[in-house]
Amino acid sequence: MGDDNVNLPPGFRFYPTDQELVVHFLYRKAARLPCHPVFIPDLNMDMFDPWDLEGKVLAADNQWYFFSHISDSHTSPNGYWKTMGADEPVSCDNNQVGVKKSLAFYIGEHPMGTKTNWVMHEYHLLDGGSSSRSSRKRGTRKSAFREWVLCRVYDRSNGGGDSAGFYDDEAELSCLDEVFLSLDDLDEISLPN
């Protein structure tokens, strides 16, 4: 699918916040509300390894986005997704509307797989969504909010993910990083007038 298939004017890019993913995309999907243009596809995450997502889902800034039904197995043809860390709340106007789960991809059989640089953020709605009154009026079942997740997948080694995301202790430093780290005293730096 990729960016070329999205009907946005030149210069626009898809770079949503966690809050926008939950409130504007996942909530609308679970509540069966229209979302135009429709450019985040549905995908069964258990059928694909992360490196096979290219061309099948929305790609933006080395990240891949798709909706999936909630899966308990989190397996793929060549590995599995393992939860890392605690769930993070996603809030809107000081109200928690969802959670973000972080998972790492391992190649091989559970639990003896080899960890890769692939990361998935899986966004879940709270049971009532962001507006339980409007969902009752539309006839949406509470369980519909538990059926869908929105996934953002990226390869940490390929510049995907957000800058405030995961820190990799083994990441190589750029030449500029090494220069700045080698400076003992910042007072010695003089800037031109």
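What is the volume of the largest cavity? The largest cavity has a volume of about 50 Å³, and the structure holds one cavity of 30 Å³ or more. The model is a predicted one, in which local features need pLDDT of at least 70 and side-chain atom pairs count only at pLDDT 80 or more, while totals for chains, interfaces and linings use all residues. Residues are numbered from 1 along each chain as its sequence is written, and side-chain values use heavy atoms, with hydrogens and water left out.

A cavity is a set of points, on a 1 Å grid over the protein atoms alone, where a 1.4 Å probe fits but cannot get out; lining residues have an atom within 4 Å of a point. Its volume is the space filled by probe spheres set on the points, which are joined across faces, edges and corners. The largest cavity is lined by L43, M45, F48, D49, P50, L53, F66, W81, M120 and V153. By class, this lining has nine nonpolar, no polar and one charged residues (Ala, Val, Leu, Ile, Met, Phe, Trp, Tyr, Cys and Pro count as nonpolar, Asp, Glu, Lys and Arg as charged, and the others, Gly among them, as polar).

The chain has three helices and eight strands (DSSP runs numbered from the N terminus, H or I of at least four residues for helices and E of at least two for strands). Along the sequence these elements follow the pattern α-β-β-β-β-β-β-β-α-β-α. Of the 193 residues in the chain, 39% are buried (under 20% relative accessible area, with a 1.4 Å probe and protein chains only). Among contacts (heavy atoms within 4.5 Å) between residues at least 6 apart in sequence, 70% join residues at least 24 apart.

Aromatic pairs number eight, a pair being rings of Phe, Tyr or Trp (its six-membered ring) with centres within 6.5 Å; planes under 30 degrees apart count as stacked, over 60 as edge-to-face and the rest as tilted. F14 and Y65 form an edge-to-face pair, at 5.0 Å centre to centre and 85° between the planes. The pair links distant parts of the chain, 51 residues apart: F14 is in the segment before helix 1 (18–30) and Y65 in strand 2 (residues 63–69). Both F14 and Y65 are buried. The ring centres of W64 and W118 lie 5.7 Å apart with the planes at 50°, so this pair is tilted. Because W64 lies in strand 2 and W118 in strand 7 (residues 114–125), the pair ties together parts that are 54 residues apart in sequence. Both W64 and W118 are buried. One aromatic cluster is formed by F14, F25, F39 and Y65.

Technical notes:
On a 1 Å grid over the protein atoms alone, a cavity is a set of points where a 1.4 Å probe fits but cannot get out, and a pocket is an open set with protein on both sides within 12 Å along at least five of seven lines; lining residues have an atom within 4 Å of a point. Buried means under 20% relative accessible area, exposed over 50%, partly exposed in between (1.4 Å probe, protein chains only).
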